[in-house]
Amino acid sequence: MDVKTAFLNGDLEEEIYIDQPERFIVKRQETKVCKLVKSLYSFKQAPKQWHHKFNKVIAHFGFSIHQYDKCIYSNKLDNDYYIILCLYVDDIHIFGTSFDAIQRVKDYLSQNFDTNDLGHADMILGIKMSRTLNRISVSLARSIERMLHKFDFYNTKLILHPMILQLL
């Protein structure tokens, strides 16, 4: 899932004032400033505020934050189904043992944020994913090819090294 304008969801903890935007300056009130009530993308604290808001919303649904990676959340719904959420900036990857449970989580997220359901992921951070009924496979072949192209090693010739010959 993708959260639209994620950083605008963060609530400000402090008072912030900005100058009036250029094309929206009120005549005869040019010296007045605007008090912000929501975070903006250009603010340094916007990612932190968005993450804080997401943590609060997802904890209300019963998810707990992973001990070592603060962008991974897990929940055991109805003592039968496991759901894992991975948050990457404004993208949410949902893994679960039940399509119905996943749909409940998607519905809950859509009630709290403006989201797009992007369907099944076939690429995550350059890792190609494929799935069958009982298995999820990952491949880094595309990422490796892009790296070889980037550093101009894609068309180099293979040279057998004595160490490689011993391994074969």
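Author: Start with a term: two strands pair if DSSP finds at least two bridges between them. Strands (E, at least two residues) and helices (H or I, at least four) are DSSP runs, numbered from the N terminus. This is a predicted model, where local features need pLDDT of at least 70 and side-chain atom pairs count only at pLDDT 80 or more, while totals for chains, interfaces and linings use all residues. Residues are numbered from 1 along each chain as its sequence is written, and side-chain values use heavy atoms, with hydrogens and water left out.

Reader: OK. What is the bridge partner of I65 in β5?

Author: I65 is partnered with Y73. Strand β4 (residues 64-65) and β5 run antiparallel, joined by two bridges. They form a hairpin, with six residues between them.

Reader: And how many bridges join β5 to β6?

Author: Six, and β5 and β6 (residues 81-88) run antiparallel. N75 stands opposite I83 in β6. This pair also forms a hairpin, with three residues between the strands. In that turn, D78 has a positive phi of about 55°.

Reader: Which residues of β5 are on the covered face?

Author: Y73, N75 and L77. The uncovered face of β5 (residues 72-77) has I72, S74 and K76.

Reader: Switching to the helix. Which residues of α2 are buried?

Author: Buried means under 20% relative accessible area, exposed over 50%, and partly exposed in between (1.4 Å probe, protein chains only). In α2 the buried residues are A101, I102, V105, K106, Y108 and L109. Seen down the axis of α2, they fall within an arc of 160°, so they line one face of the helix. The arc is taken from the directions from the helix axis to the C-beta atoms.

Reader: Why would residues a few places apart point the same way?

Author: An α-helix has 3.6 residues a turn, so residues three or four places apart do that.

Reader: What do the buried residues of α2 pack against?

Author: They pack against α1 (46-60), β5, β6, β7 and β8 (115-116), where contact means heavy atoms within 4.5 Å. On the other side of α2, F99, D100 and Q111 are exposed.

Reader: Where does S98 lie?

Author: S98 is in the loop between β7 (91-96) and α2 (99-112). It counts as buried because its relative accessibility is 12%.

Reader: Which end of α2 does S98 cap?

Author: The N-terminal end: a side-chain oxygen of S98 lies 3.2 Å from the backbone nitrogen of D100.

Conventions
Polar contact = N/O pair within 3.5 Å; in protein donor to acceptor, adjacent residues only side chain to side chain.
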